[in-house]
Amino acid sequence: MKVLISVCGEGFGHTTRCIALGRALSKKHDVKFVAYGKSKDFIELSGYNVLETYPEIKLSGKNGKFDITKSMFNTQYHPAKAVKRELQIIKDYDPDLVISDCKYSTILASKISKKPYYIITNQNATKTQKKEKYIVYPVMKVLNAVNKSAEKLIIPDLPLPYTICEYNLKMIDNLRFSGPLIRYDVPTEESEYAEDYILSVIGGFEYRLRILELINKISKKTGLKVKLVCGSEEVAKKLEKEKGENVEIIPVSTEMDELIKKCSMVVCHGGHSTLMEAVSFGKPIITIPDLDHPEQENNALKIQNLKCGIALNYKILEKELEPSIMKIMNDKTYSKNAKKLRKIALNYDGKEKLIEEFENSIL
């Protein structure tokens, strides 16, 4: 079977779960990736050949604030170019199946080419009471019309009531929970904190730089060991100038399993894939969603409601981040509940479940 996996390149979350799926599929089938930008670079860094395409959206923000309007409506990025390029890729490669992780230009190209397609996403009805709803709700309505046309809409998460992205979902007929799509095998044994450090996984957008600078400052003050995975060489260079002695700066890593396994907690922005990796390894989490980013805010709220982590507001980080770190270190409730989710994740291997689904539908 020939499988084409198309990846939305805005953030590494889409990329890492597609790598996980592609790696498992490639053991038995021919797999090619379609990607662009940092996503393309990261997939190539992981050892795969990538067919380059164009972005159909560009995440924008400033000072910790996600700007949904600028991200969705701009003149620099043209979906039509992406569709044209992906039509050619499909014609040349002639896949038996197309899998799109939130890359909707590929879905259109697949529909035109009459190829069966699956969609992977962690949001199809993001709930919010903020002004962003006037953009989010109409867009989600349109995307759900597309989602319903897919063979299946795959949610790479635990089933209810443990679904991390629950507050971003609307149940539709073809929606299925696959379980986590992470790059690594879920540990069958609870890991001891071999190095006992805080792992910060903040994606490579410079508008999140303040978070990394604050974690570095807290480490200098408290002596806590910290590893900062920046997702960007540019961001890493900026941090090096003021780096504390207990801080390790990692621009990009393809070995997140070892980093997560040995940490005591994860600090992240609320992206779904990072949360699923932390949950699968049984680690408590501090989430700092981008301002006015409803999807991340909803993920963070669910983590907090499951009592396996704490959700923080970017506006009050100076006041709340250090006390929250100390609270998770001293209150074992968070670690206990995180380990409970790890045990649940052991029963849901998203990669194996999806491969079986694909093979049954095509072969």
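D292 lies in the loop between β14 (285–287) and α11 (294–305), where helices (H or I, at least four residues) and strands (E, at least two) are DSSP runs numbered from the N terminus. The phi angle of D292 is near 60°, a positive value in a residue other than glycine. This is a predicted model, in which local features need pLDDT of at least 70 and side-chain atom pairs count only at pLDDT 80 or more, while totals for chains, interfaces and linings use all residues. Residues are numbered from 1 along each chain as its sequence is written, and side-chain values use heavy atoms, with hydrogens and water left out.

**Backbone features**

- Most residues other than glycine have a negative phi, and most peptide bonds are trans.
- D292 is buried, with a relative accessible area of 14%, where buried means under 20% relative accessible area, exposed means over 50%, and partly exposed lies in between (1.4 Å probe, protein chains only).
- C102 also has a phi near 60°, a positive value in a residue other than glycine, and its place is in the loop between β6 and α5.
- With a relative accessibility of 15%, C102 counts as buried.
- The peptide bond that runs from L160 to P161 is cis, with omega near 10°, and P161 is placed in the loop between β8 (153–155) and β9 (175–177).

**Salt bridges**

- Side chains of opposite charge can pair when their charged atoms come close.
- If a salt bridge is taken as a side-chain nitrogen of Lys or Arg within 4 Å of a carboxyl oxygen of Asp or Glu, the count comes to 15 salt bridges.
- One of these joins the side chains of K103 and E86, at 2.9 Å from N to O; because K103 lies in the loop between β6 (97–101) and α5 (104–113) and E86 in helix α4 (residues 79–93), the pair ties together parts that are 17 residues apart in sequence.
- Both partners can be described by their accessibility: K103 counts as buried at 0% relative accessibility, and E86 counts as buried at 1%.
- Another salt bridge is formed by the side chains of E242 and K220, at 3.9 Å from N to O, and it links distant parts of the chain, with E242 in the loop between α8 (233–240) and β12 (247–250) and K220 in helix α7 (residues 209–222), 22 residues apart.
- Is E242 exposed or buried? At 52% relative accessibility, E242 counts as exposed, whereas K220, at 48%, counts as partly exposed.
- The side chains of E248 and K227 also meet in a salt bridge, at 2.7 Å from N to O, and this pair links distant parts of the chain, since E248 is in strand β12 and K227 in strand β11 (residues 226–229), 21 residues apart.
- E248 is partly exposed, with a relative accessible area of 36%, while K227 is buried, with a relative accessible area of 13%.
- E258, K261 and K262 are linked with one another in a network of salt bridges.

**Aromatic pairs**

- How many aromatic pairs does a search of the whole structure find? The search finds four, where rings of Phe, Tyr and Trp (its six-membered ring) pair if their centres lie within 6.5 Å, and planes under 30 degrees apart count as stacked, over 60 as edge-to-face and the rest as tilted.
- Among them is the tilted pair of F12 and F42, with 5.1 Å centre to centre and 40° between the planes; F12 lies in helix α1 (residues 12–25) and F42 in helix α2 (residues 37–45), so the pair ties together parts that are 30 residues apart in sequence.
- F12 is partly exposed, with a relative accessible area of 23%, whereas F42 is buried, with a relative accessible area of 6%.
- Y118 and F358 form an edge-to-face pair, with 4.8 Å centre to centre and 75° between the planes, and this pair links distant parts of the chain, with Y118 in strand β7 (residues 117–120) and F358 in helix α14 (residues 350–362), 240 residues apart.
- Y118 is buried, and F358 is buried as well.

**Charges over rings**

- A charge sits over a ring if NZ of Lys or CZ of Arg is within 6 Å of the ring centre and within 35 degrees of the ring normal.
- K227 lies over the face of Y197, at 4.8 Å from the ring centre.
- The charged end of K302 sits over the ring of Y167, at 5.6 Å from its centre.
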